[in-house]
Amino acid sequence: MFCLQCGKEIENTSVQCPYCGTEVQRTTPTAQEKTGSQGVLAIVFGAIGMILAWVIALLGYACGAAGLSMGLMALKKKDKIKGVIGIVLSSITFLFSVINSILGVILMTGSMM
């Protein structure tokens, strides 16, 4: 870590900066500083959505939307790999949902004739 007063790198276990003598202040990360949860949620929503998209298209759309939003949040928090994976899976979920919707319309109109 770095000293807030002089900017020099100091040991993580330091109580005082060895260079300027300033007392080191310990802070816990806020919810905004923590990363990982949005990326993981994006992947989970994308994966679950791909399965649901074949069964019930509307659930696929909902999971795809949730996965995309979590993936975009993960990208903003520099959790790029998980965010990109979540966005890709969620995009596939949307594609599956569209295909399922089209097939449903074709089957419904075919059974009416």
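1. The model is predicted: local features need pLDDT of at least 70 and side-chain atom pairs count only at pLDDT 80 or more, while totals for chains, interfaces and linings use all residues. Residues are numbered from 1 along each chain as its sequence is written, and side-chain values use heavy atoms, with hydrogens and water left out.

2. The protein chain has three helices and zero strands, in the order α-α-α along the sequence. Helices (H or I, at least four residues) and strands (E, at least two) are DSSP runs numbered from the N terminus. Of the 113 residues in the protein chain, 26% are buried. Among contacts between residues at least 6 apart in sequence, 50% join residues at least 24 apart; contact means heavy atoms within 4.5 Å.

3. Helix 2 (residues 57-76) has 20 residues and reaches 29 Å from its first C-alpha to its last, close to the 28 Å expected at 1.5 Å a residue. The expected span is 1.5 Å times one less than the number of residues. After helix 2 comes Lys 78, with a positive phi near 65°.

4. Which residues of helix 2 are buried? They are Ala 57, Gly 60, Cys 63, Gly 64, Gly 67, Met 70, Gly 71 and Ala 74. These residues cover an arc of only 145° around the axis, so they lie on the same side of helix 2; the arc is that of the directions from the helix axis to the C-beta atoms. An α-helix has 3.6 residues a turn, so residues three or four places apart point the same way. The face turned away from the buried side of helix 2 carries the exposed residues Leu 58 and Lys 76.

5. Gly 49 is in helix 1 (residues 37-55) and counts as buried, at 0% relative accessibility. Not counting residues up to four places away in sequence, Gly 49 touches Gly 60, Cys 63 and Thr 93. The C-alpha atoms of Gly 49 and Ala 65, 16 residues apart along the chain, are separated by 9.3 Å.

6. Thr 93 lies in helix 3 and is also buried, at 0% relative accessibility. Leaving aside neighbours within four places in sequence, Thr 93 is in contact with Gly 46, Gly 49, Met 50, Ala 53, Gly 60 and Gly 64.

7. The structure holds one aromatic pair. The rings of Tyr 61 and Phe 94 have their centres 6.1 Å apart and their planes at 40°, so the pair is tilted. Rings of Phe, Tyr and Trp (its six-membered ring) pair if their centres lie within 6.5 Å; planes under 30 degrees apart count as stacked, over 60 as edge-to-face and the rest as tilted. Tyr 61 lies in helix 2 and Phe 94 in helix 3 (residues 80-112), so the pair ties together parts 33 residues apart in sequence.

8. The structure holds zero disulfides (pairs of cysteine sulfur atoms within 2.5 Å). Cys 6 is in no disulfide, and the nearest cysteine sulfur, that of Cys 17, is 3.7 Å away. Cys 6 is partly exposed, at 32% relative accessibility.

Technical notes:
Buried means under 20% relative accessible area, exposed over 50%, partly exposed in between (1.4 Å probe, protein chains only).
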